[in-house]
Amino acid sequence: MEEIRKNSVLVIDDENSNIMALTHILSPDYTVYAAKNGQSAVVAAEEHLPDVILLDIIMPEMDGYAVITALKDSERTQDIPVIFITGLTHTDNEEKGLALGASDYITKPFNSAIVKLRVQNQIRIINQVRFIIEKELVEKGSLARIDFLLRMSHEMLTPMNAIMGMTQILKMSCGSGETKDCLDEIDTASRHLLGLINDLLEVSGKKDSASTLIDSVFSFNTVFRNVLKGVGSAVSRKQQALTFNIDPAIPMLLIGDKERLAQVITNLLTNSIKFTSEYGKIHFSAFVLEDDDETITMQIEITDNGIGISKEHQNRIFSIFEQADKSMAAKHSGVGLGLPISKRIIEMMGGRIWVDSELDKGSKFSFTCSLQKR
């Protein structure tokens, strides 16, 4: 088991009794280092890089003011908070110390509770600062990686289109046989890769169409039939039972972004097919949730008896680049972009998307969207 790192304190005082007293007060909670003069104090600070320094003012040869000046002049130690420990009570001493960069004062004789609280306050501040810095570094690193992926994705689009175009030409000229089968595999893999590239660009918001809806008049039944054609071969290959129920109350003609709606339905159906075993069951239903003179709110549900999703992972699947289970990611190809994209689209369409699922028993993905009536 990895040992949790204690915060550390460097005590600088020329009196053994003071060092012993402060060590006794602080050692249960902190790692305590000690130095008895200014020169050794600067060396100890450079070596140990403590979280807080307790510094006596009155010391021979090199007093506390000279020590704090040396500490603040060093890049390694300049950000370590220094608390002066002193028996001096004149405000000029306090003012001078604060001007040189001291963070706080502790007066002698020591009160254990005051010592602990003053050190604790400085530790809390530096831990908060460290958290913010570490978070910013992680975010900057993530942004840099995403920016690199986006640039590479744009660069890959041109050769991918060329590969797909040349594959189509060869398919038309080679007839049938093993070569044709190989070209079909190349074509399928190329289209899958192109889809991943486009998904990456879209989910990042770097694609021109990513944040806009293009409305047109459409028939929902036609949209659904086209989606069925797209997923039909996968259903047949796994010999699954895909049933559906379309509410007759859905108007014949609607106004909305039919391409985006089809994209969401395809994403959800594709997931159900992928994560449902052979001979499994999938059911699609669409019905009117609300209806007024100009718009309808439609609810669509896709239910399967597949592998399901555990409760602890259900909130993660709508996040970018997350999958419910990394072992499933290895077994079923994909980088987890479909659901985040679907969530973005549905929210743009004034709806919401959610999942009800139980591990090993199946899932029901549902979403709502608002569409104008023609």
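Which residue caps the N-terminal end of α3? In this predicted model, the cap is D63, with a side-chain oxygen 3.2 Å from the backbone nitrogen of Y65.

Helix α3 spans residues 64–73, and its buried residues are G64, Y65, V67, I68 and L71. These residues lie on the same side of α3, because they cover an arc of only 160 degrees around the axis. An α-helix has 3.6 residues a turn, so residues three or four places apart point the same way.

L371 counts as buried because its relative accessibility is 2%, below the 20% cut-off. Leaving aside residues up to four places away in sequence, L371 touches F218, L254, I255, G256, L261, E294, T295, I296, M298 and M349. The C-alpha atom of L371 is 6.5 Å from that of T297, although the two residues are 74 residues apart along the chain.

The structure holds zero disulfides. A disulfide is a covalent bond between the sulfur atoms of two cysteines.

| Cysteine | Relative accessible area | Class |
|---|---|---|
| C182 | 42% | partly exposed |
| C369 | 0% | buried |

C369 is thus buried at 0%, whereas C182 is partly exposed at 42%.

Terms used
Residues numbered from 1 in each chain as written. Predicted model: local features only at pLDDT ≥ 70, side-chain atom pairs only at ≥ 80, totals over all residues. Heavy atoms only, no water. Buried < 20%, exposed > 50% of the residue type's maximum accessible area, 1.4 Å probe, protein only. Contact = heavy atoms within 4.5 Å. Disulfide = S-S within 2.5 Å. Helix = DSSP H or I, 4+ residues; strand = E, 2+ residues; numbered from the N terminus. Arc of directions from axis to C-beta. Polar contact = N/O pair within 3.5 Å; in protein donor to acceptor, adjacent residues only side chain to side chain.
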